[in-house]
Amino acid sequence: MNSKINSIISGTGAALPGTIITNPDLEKMVETSDEWIVSRTGIRERRKLEEGFSNVDLTETASRQALERAGLEPSELDMIIVATVTPDYPTPSTSCLLQARLKASRAAALDLAAGCTGFVYALTVAHQFILSGACKNILVVGSEVLSRVTDWEDRSTCVLFGDGAGAVVLSPTDEDRGILDFSLHCDGRGAELLMIPAGGSRMPACSESLQNRMHFIKMNGNEIFKFAVKAVEENLSVMMGRQGIGSDDLDYLFLHQANLRIIEHVRKRLRLPREKVPVNIDRFGNTSSATIPIAIHEEVLSGRLRQGDLVAMVAFGAGLTWGGVLMKW
Ligand code: UT7
């Protein structure tokens, strides 16, 4: 192992379905209002994947962009990790379907389920394979089709989620940049706060589970909200403390997009200007493991995110899981 090796993001991509569901559209489906949704969540619209398409279609589009921007052929990939809670099938993994689509003949492939923290977990796992020297180029994708596990009759959840994918290629560098720190956590005692109760081996699909709408997301939003604010702040302060970094030093903070109130609370506590804390929840809703890589890709495309920038990303979600990565871009 070369001790000078670090991992950098060498390419980014994103995919968002064309179908837009606005708040007024939802007003026609459940007892809700644009005013409630905007003031409580910051969401104005979200994307919904069209019938006939599935998660792997989103992963493929985002991944091809990321590979092109990294200047790599699929055959140069050593591994593909897809972070998702909405795979095409319980088995095989969506990463295997993506590997076939891309014809990434040399790549190992695995899915990683860590709820909305999935992308941060996957990036950290990929980083270890690069640090060890076992892999060079790893495709890391966060991709979700949450519209298919959303209960469109439950106003407490159906206004929140959206479909989308973000992808990055992680590659080795011997330059003085890359991942500086990471911090991953779990508290499984909170598993029931956010779950899809049926469709797994504990409660396989049956007429009763369908009747009781158990194949849809169930969430205790209030409890997750309280946990999220604390988890994000602690996570950031641990990583920044370890690296001797103050919030003034941060060029970017990519936060999981679950609620604009959480994002604004953290931004204000750290006294960061709006342009350093990108927001896409207004346009895409909560896309779970995809929120952060989509936001990163948008900042790369805009030309604002530049080499040498100090970037933090922090996510939280089902599990309960939470985690962050600190990197010099
Ligand atoms: O992505 C990973 C994990 N997920 C999260 O991080 C989500 C974190 N939680 C949240 O973002 C917020 O808790 C929510 C947006 C989910 C909910 O906001 P809240 O301010 O915590 O609302 P609440 O659940 O306490 O509900 C307040 C009221 C209730 O009515 P009553 O009992 O006070 O009469 C709800 O029935 O708002 C009602 N309500 C709605 N009203 C209109 C809930 N959903 C809606 C709705 N439209 N869509």
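Colleague: Which residues of α3 meet which residues of α4?
Modeller: From α3 come N55, V56, D57, T59, E60, S63, R64 and L67. From α4 come T94, L97, L98, R101 and L102. They count as being in contact because contact means heavy atoms within 4.5 Å. By class, this contact has five nonpolar, four polar and four charged residues. (Ala, Val, Leu, Ile, Met, Phe, Trp, Tyr, Cys and Pro are nonpolar; Asp, Glu, Lys and Arg are charged; the others, Gly among them, are polar.)

Colleague: What kind of model is this, and how are its residues numbered?
Modeller: It is a predicted model: local features need pLDDT of at least 70, side-chain atom pairs count only at pLDDT 80 or more, and totals for chains, interfaces and linings use all residues. Residues are numbered from 1 along each chain as its sequence is written, and side-chain values use heavy atoms, leaving out hydrogens and water.

Colleague: What makes α3 and α4 parallel, perpendicular or oblique?
Modeller: The axes of α3 (residues 55-70) and α4 (residues 94-102) come within 10 Å and cross at roughly 55°. That makes α3 oblique to α4. (Under 35 degrees is roughly parallel, over 145 roughly antiparallel, 65 to 115 roughly perpendicular, the rest oblique. Axes are lines fitted to C-alpha atoms, for helices over the stretch in contact; angles run from 0 to 180 degrees between N-to-C directions. Helices are DSSP runs of H or I, at least four residues; strands are runs of E, at least two; both are numbered from the N terminus.)

Colleague: How do α8 and α9 pack?
Modeller: Helix α8 (residues 221-243) and helix α9 (residues 260-269) pack at about 35°, with axes 10 Å apart. F225, A228, V229, V232, E233 and L236 in α8 meet R261, I262, H265, V266 and R269 in α9. Those residues divide into seven nonpolar, one polar and three charged.

Colleague: Where is A318, and what does it contact?
Modeller: A318 is in the loop between β12 (310-317) and β13 (321-328). Beyond its neighbours within four places in sequence, A318 contacts A114, G115, C116 and L194.
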